[in-house]
Amino acid sequence: MKKYSGLISAALLLVFTAHGWCAGKKIVCVMDLEDKSNHSHTWQNVGTGIAEMMVTSLAGTKKYTLIEREKLQQVIDEQKLGASGAVTAQTAAKIGRLLGAQYIVTGAVTEFGVKDSKIGVGGLEKVLPFGGGAKVSKNTARVAIDVRAIDTTSAQIVAAAKGEGSKSSAEFSGDLSIAP
């Protein structure tokens, strides 16, 4: 997933700079993206991973106040612990101090897939005339996301963007030693 951080940053930049949306520090909640890629991939929680990268990218800008909603129950449990008297009053989390989100960022992974291709000679089973063998493996990953920012007061979509990209990597393995 690290391969897509540039793509995600670009999509976020488009969303949050559209129509002057980022004027002033906004309180933002990023939700998991749905996986609508209709591709049978073995990756789990693609939308969750991309949402986590979005939170990290937004936090890095220091332009937004980010609030947690995915782990809200844990936050409430911590507040209840503070109210129980089990922790000192000075360090206890206060009940009723949660921030409301001005905007929810949501969207979908609309395309996701990894294509593997391999080219081999000798299959590494020492069948070449001089012995040995070699293999080149290439992986190409592709992702497309659609994200939008929704005003929580009016439910109006205030900004939307699409980001897409691909990344390839190759690996060589082989035994080209001369047979005895």
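Glu-111, Arg-142 and Glu-164 are linked in a network of salt bridges (a Lys or Arg side-chain nitrogen within 4 Å of an Asp or Glu carboxyl oxygen). This is a predicted model, where local features need pLDDT of at least 70 and side-chain atom pairs count only at pLDDT 80 or more, while totals for chains, interfaces and linings use all residues. Residues are numbered from 1 along each chain as its sequence is written, and side-chain values use heavy atoms, with hydrogens and water left out.

Me: How many residues apart in sequence are the parts that Arg-142 and Glu-111 tie together?
Reply: The side chains of Arg-142 and Glu-111 form a salt bridge at 2.8 Å, N to O. Arg-142 belongs to strand 5 and Glu-111 to strand 4 (strands are DSSP runs of E, at least two residues; helices are H or I, at least four; both numbered from the N terminus). The pair therefore ties together parts separated in sequence by 31 residues.

Me: Is Ser-37 buried or partly exposed?
Reply: Buried means under 20% relative accessible area, exposed over 50%, and partly exposed in between (1.4 Å probe, protein chains only). The relative accessibility of Ser-37 is 12%, so Ser-37 counts as buried.
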